[in-house]
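Reader: I've got a protein open on my screen and I'd like to understand how its parts touch each other. Can you walk me through it?

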Amino acid sequence: MRRRWRDGPGRLAVYGSGGGDVVSVPLEIATSYRARTKGLLGRDAVDGAILLSPANSVHTFRMRIPIDVAYLDRHLDVIAVTTMKPGRLGMPRLRARHVVEAEAGVMTGWGLGVGVRVGIEGVG
């Protein structure tokens with residue numbers, strides 16, 4: 001099943017393990033080549049997160065802040081989470097189909113980790 005989102009605002013739902021609470025986070029969806037290429041470049045802060053789709057790797061060249069990166073498979077399960085400093089090149093994840101980026105440290109607070117399933121809803 002191919003997911004079809006459009007560039008624009010959305011919501012990221014992080015489903016807690018064991019049927020816990022769902023954390024809802026503001027999300028910027030970037031699916032076009034232009035939006036994915038720009039990503040978080042040149043920003044000093046992020047309100048929520050950004051979804052890059054399709055994507056299986058990222059870099060932090062020309063970024064001003066460290067970021068958390070979550071790699072998602074085709075079922076929207078988190079397969080890896082890492083924190084990257086500016087000026088780094090991330091390793092490609094072969095099973096990844098989507099990438100979520102946010103300010104460093106916030107994903108832990110959302111309960112987002114390996115094995116967690118997320119939901120993505122386009123608003124626009």
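Author: Leaving aside neighbours within four places in sequence, Leu 12 is in contact (heavy atoms within 4.5 Å) with residues including Val 23, Leu 27, Trp 110 and Ile 120. Before we go on: this is a predicted model, where local features need pLDDT of at least 70 and side-chain atom pairs count only at pLDDT 80 or more, while totals for chains, interfaces and linings use all residues. Residues are numbered from 1 along each chain as its sequence is written, and side-chain values use heavy atoms, with hydrogens and water left out.

Reader: Which residues touch the most other members of the largest nonpolar core?

Author: A nonpolar core is a set of buried Ala, Val, Leu, Ile, Met, Phe, Trp, Tyr and Cys residues joined through side-chain atoms within 4.5 Å. Buried means under 20% relative accessible area, exposed over 50%, and partly exposed in between, using a 1.4 Å probe and protein chains only. The largest core has 20 residues, and those touching the most other members are Leu 12 and Ile 120.

Reader: Which strand gives the most to this core?

Author: Helices (H or I, at least four residues) and strands (E, at least two) are DSSP runs, numbered from the N terminus. Strands E1, E2, E3, E4, E6 and E7 and helix H2 each supply at least two residues of the core. With three residues, the top giver is E2.

Reader: How many residues are in the second, separate core?

Author: Leu 41, Ile 50, Ala 55 and Tyr 71 are among its members. The count for this second core is 17 residues.

Reader: How many salt bridges are there?

Author: A salt bridge is a side-chain nitrogen of Lys or Arg within 4 Å of a carboxyl oxygen of Asp or Glu. One of them joins the side chains of Arg 64 and Asp 44 at 3.1 Å, N to O, linking loops at positions 20 residues apart. By this rule, the count is three.

Reader: Is Asp 73 buried or exposed?

Author: Asp 73 meets Arg 95 in a salt bridge at 3.7 Å, N to O. Asp 73 lies in the loop between E4 and E5 and Arg 95 in the loop between E5 and E6, so the pair ties together parts 22 residues apart in sequence. Arg 95 counts as exposed because its relative accessibility is 54%. Asp 73 has 8%, so it counts as buried.

Reader: How far apart in sequence are the parts tied together by Asp 77 and Arg 117?

Author: These two form a salt bridge, with the closest N and O atoms 2.7 Å apart. Asp 77 sits in the loop between E4 and E5 and Arg 117 in the loop between H2 and E7, so the parts they tie together are separated in sequence by 40 residues.

Reader: Which residue's backbone nitrogen lies 2.9 Å from a polar atom of the side chain of Glu 103?

Author: Glu 103 is found in strand E6 and is partly exposed, at 28% relative accessible area. Not counting residues up to four places away in sequence, Glu 103 touches residues including Ala 45, Val 46 and Ile 65. The backbone nitrogen in question belongs to Val 46.

Reader: Where is Thr 60 found, and what is its relative accessibility?

Author: Thr 60 is in the loop between E3 and E4. A polar atom of its side chain lies 2.6 Å from the backbone oxygen of Lys 85. Thr 60 counts as buried because its relative accessibility is 0%.

Definitions and conventions: Polar contact = N/O pair within 3.5 Å; in protein donor to acceptor, adjacent residues only side chain to side chain.
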